Amino acid sequence: MSQMPQQAALAKCPSCAEPLESGDLFCGACGYDLSVVPVPPQDHPTLTMTGPATPADGVDWPAPDPAGSGATPATAHRAADVPGTDSGGNPLHGQEQQHPHEPREPHEPPASGVRFDRPAEPEEYPLQAPDPRVAADTAVPEGPAKVCVACRAGQVDDDGYCENCGHAQPRERDHMERESGPVAAVSDRGLRHHRNEDSFTVGHTALPDGTPAAVAVVCDGVSSATRPDEASAAAARTAGDLLLAALPRGTHPQQAMHEAIVAAAQAVDALAGEPASAREHTPHQNAPACTFVGAVIASGLLVVGWVGDSRAYWVPADRSAPAARLTEDDSWAAQMVAAGLMNEAEAYADERAHAITGWLGADAYELEPHTASFKPDRPGVVVVCTDGLWNYAETAEEMAEIVPLDAATRPLHGARVLLGHALDGGGHDNVTVALLPFPAPPQGAGSA
């Protein structure tokens, strides 16, 4: 940093150190005759040395104050004010009886404070080897650098952007895949949304008699609400945990599904009170909200539960048998069809078709968890998904056409295929889909 130059200090009286004005012939304080003092040579500034002294200096320097102690700094001394000694410890010539703060006689030249009898110093000093324990503590583990998904050349910085092209990298939730035994799910941000507001939970367990059970929960955050991504995550996690804990205790799957929906609704309701500052800054926004759909396959029974417009489909392994939609939407279009005011094609062609009439959230109407149980008479696969998928395969027949034939044995692959279908169709919304084979295979089975 540049600084403005400072003016040179005024000359001082050599007897009493009183500042002098330019042109003074006598000291105004002590009357000392200044004409006998030789004019100092020009352009020889004095440099104040603040570095620590070496042991060879022969001076007992005071220990430095601890950093940040707040102590008042000691008065600075000139080099000539410090009594020097020779190699034998005797005072230097001219300083035998002179006190460092005693004024010098005018005829006495000031001591230089520089020693000429210092022994020769080596050109190199041995360096102490570093402590391996300290090196181990400060070592930073080096991992493979992340490569940009866009340019495939630049490295990704700590903020999640490519150092080469500046492309923002996908966040962890932008694309999620999970497989748990025989059930698998995939969730993706899609092509139009800036974040993924869907969430899911998949898992497998066993009933008290050892019969295998598979669980899947899919939730879709309501975009017009506050923090929809948090709502869907809280609902899916809470419901999944309850189902996986209740089934091994012998709770009936349909009763467990009902309890899971109620618990998920309570978890989303609780978000409306967190944090208080969020409500103060956004008082007109809706409370966090999401839809819900879940499925349980256990002991030859298929149970589904839902609130909102996320859906579950039944697709038999024998595609000559009919597929079926297992849920009814809580939406404006479904109400119009149920009331006989419109047929299904007319209702879903209306711009109000996807306005939901049921959801999980503190500002929802009275919660009405929907549950239903089925006993399929043949093997197949259950598709649990958000409208980001079924918008591109709305009817059961259309869904059956895009589900791979090996979806029951390769659920993760099948979920990826369904995601690809939605993205190829435009990917206008977040897409989440889970696949559960029926009947549930023994634990340990998974995608090939």
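The legends below describe several close-up views of one predicted model.

Residues are numbered from 1 along each chain as its sequence is written. In this predicted model, local features need pLDDT of at least 70 and side-chain atom pairs count only at pLDDT 80 or more, whereas totals for chains, interfaces and linings use all residues; side-chain values use heavy atoms, with hydrogens and water left out.

**View 1. Overview of the chain.** The chain has nine helices and 13 strands; helices (H or I, at least four residues) and strands (E, at least two) are DSSP runs, numbered from the N terminus. Of its 448 residues, 37% count as buried, where buried means under 20% relative accessible area, exposed over 50%, and partly exposed in between (1.4 Å probe, protein chains only). Contact denotes heavy atoms within 4.5 Å. Among contacts between residues at least 6 apart in sequence, 61% join residues at least 24 apart.

View 2. An α-helix has 3.6 residues a turn, so residues three or four places apart point the same way. Glycine 426, which follows H9, has a positive phi near 135°.

View 3. The side chains of glutamate 177 and arginine 416 meet in a salt bridge of 2.8 Å, N to O; the term requires a side-chain nitrogen of Lys or Arg within 4 Å of a carboxyl oxygen of Asp or Glu. Glutamate 177 lies in strand E1 and arginine 416 in helix H9, so the pair ties together parts that are 239 residues apart in sequence. Glutamate 177 is partly exposed at 34% relative accessibility, and arginine 416 is partly exposed at 41%. A search of the whole structure finds 11 salt bridges.

**View 4. Aspartate 198 at strand E3.** Aspartate 198 is found in strand E3 (residues 198-206). Aspartate 198 is buried yet has no salt bridge, and the nearest side chain of opposite charge, arginine 173, is 7.1 Å away; Lys and Arg count as positive and Asp and Glu as negative, while His and the chain ends are not counted. Its side chain makes a polar contact of 2.9 Å with the side chain of threonine 432. A polar contact is a pair of N or O atoms within 3.5 Å; within protein, one must be able to donate a hydrogen and the other to accept it, and residues adjacent in sequence count only if both atoms are side-chain atoms. Not counting residues up to four places away in sequence, aspartate 198 touches residues including Arg173, Met176, Cys219, Thr386 and Val431.

**View 5. Glutamate 197 in the loop between E2 and E3.** Glutamate 197 lies in this loop and counts as buried at 4% relative accessibility. A polar contact of 2.8 Å joins its side chain to that of serine 223. Arg195, Glu197 and Asp229 are linked in a network of salt bridges.

View 6. Arginine 227 forms a salt bridge with glutamate 230, the closest N and O atoms being 3.2 Å apart. Arginine 227 is buried, with a relative accessible area of 18%, whereas glutamate 230 is partly exposed at 37%.
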